[in-house]
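The structure under discussion is shown below.

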Amino acid sequence: MLRVAIDGPGGTGKSTIAKEIAARFGLEYIDTGAMYRSMGLKALRTGVSPADEEAVSEMLKDTTLDFRDNHMYLDGEDVGGLIRTNEISMAASDISKLPCVRAKADELSKYLASTRDVVMEGRDITTVVIPDAEVKIFMTASPEIRAERRYKQLLEAGKPADYDQILEEIQKRDYQDSHRELNPLRQAEDAEFLDTSDLNMEEVVQKVSSIITEKTGAVPAES
C-alpha cells in the first residue's frame, strides 16, 4: 500500500497539495479536517456548543460522516462548499478537542487508510491515525504568510476579508491545536519537515513528489 500522511497547521496549503498529489500518484485524497469541520457545522446548526462534550456526544449519536469521490458528506449531505469559513474553522478547532469527536473522526480515517491507497492530511495523521504510513510529511509556513494567502483567497472569491482578523484567528487556532490535551499538533520524529513560506504550489508539489519517490519508488503518472 501507499499511504501519504501530511500534518501541519491550518493555511499551509495541505489540502491543495494533497489533492494534487492524489491526482498525480493515483491515490484517494482524504481531508480529515473536513470531518471536524462537518461536526463543527452540525454543532452550530443545532445550537450545540462545540465545547460542550456531553451535548456534542449526544449529537454524534445521530450523525453520519462519509467520504466519497473526494466529497465530504454529513448526514448524507455534501457539505464541501459550506465548511470553509472562518467561523467553521474555529468551531472545528474547539470541537476537535473532545475525545468523542476525535474518536469518530479517527475511526473513519483509520478505516479508509486500511482499505485503499490514500493521501491524508490533518493535524495528527502522522502521529495517531496512520503512524506507520509509508510517507510522512510535516508541512508548515509562517502565520503571516498563511494569513496573506487566506486574505487573497477570500478577496478573489469576492468575499469580505480583514487581514488582521485572519492573522489573529490563525494564531489562536495554532495555539489551540498545539496545546490541546488530546493528540496535539506536533511533528512526528520520522516525518519530513517542509516549510512552504517561500514556495509556490508547483514547487511544493515537486518537493512532496520527490519525497514520495525517494521513500517508496513510486513516480507520478505523467512521469
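Two strands are said to pair if DSSP finds at least two bridges between them. Helices (H or I, at least four residues) and strands (E, at least two) are DSSP runs, numbered from the N terminus.

## Basis of the model

The model is predicted: local features need pLDDT of at least 70, side-chain atom pairs count only at pLDDT 80 or more, and totals for chains, interfaces and linings use all residues. Residues are numbered from 1 along each chain as its sequence is written, and side-chain values use heavy atoms, with hydrogens and water left out.

## The sheet

Strands S3, S4 and S5 form an open sheet in the order S3-S4-S5, with antiparallel pairing.

S3 and S4 pair in the antiparallel sense over 4 bridges, and Asp66 has Tyr73 in S4 as its bridge partner. Tyr73 also stands opposite Asp78 in S5. Between S4 (residues 71–74) and S5 the antiparallel pairing runs over 2 bridges; here Leu74 has Glu77 as its bridge partner.

## Turns and the helix across the sheet

The hairpin of S3 and S4 has 2 residues between the strands, and Asp69 in its turn has a positive phi of about 50°. In the hairpin of S4 and S5, there are likewise 2 residues between the strands, and Asp75 takes a positive phi near 55°.

Helix H2 (residues 32–46) lies across S3, S4 and S5 and runs at about 35° to S4. Such axes are lines fitted to C-alpha atoms, for helices over the stretch in contact, and angles run from 0 to 180 degrees between N-to-C directions. Contact means heavy atoms within 4.5 Å.

## Helix H7

Helix H7 (residues 143–156) has 14 residues and reaches 20 Å from its first C-alpha to its last, close to the 20 Å expected at 1.5 Å a residue. The expected span is 1.5 Å times one less than the number of residues.

Arg146, Ala147 and Leu154 of H7 are buried (under 20% relative accessible area, 1.4 Å probe, protein chains only). Seen down the axis of H7, its buried residues fall within an arc of 100°, so they line one face of the helix; the arc is that of the directions from the helix axis to the C-beta atoms. Their cover includes helix H4 (86–95) and helix H8 (163–179). After H7 comes Gly158, with a positive phi near 75°.

Conventions:
Buried means under 20% relative accessible area, exposed over 50%, partly exposed in between (1.4 Å probe, protein chains only).
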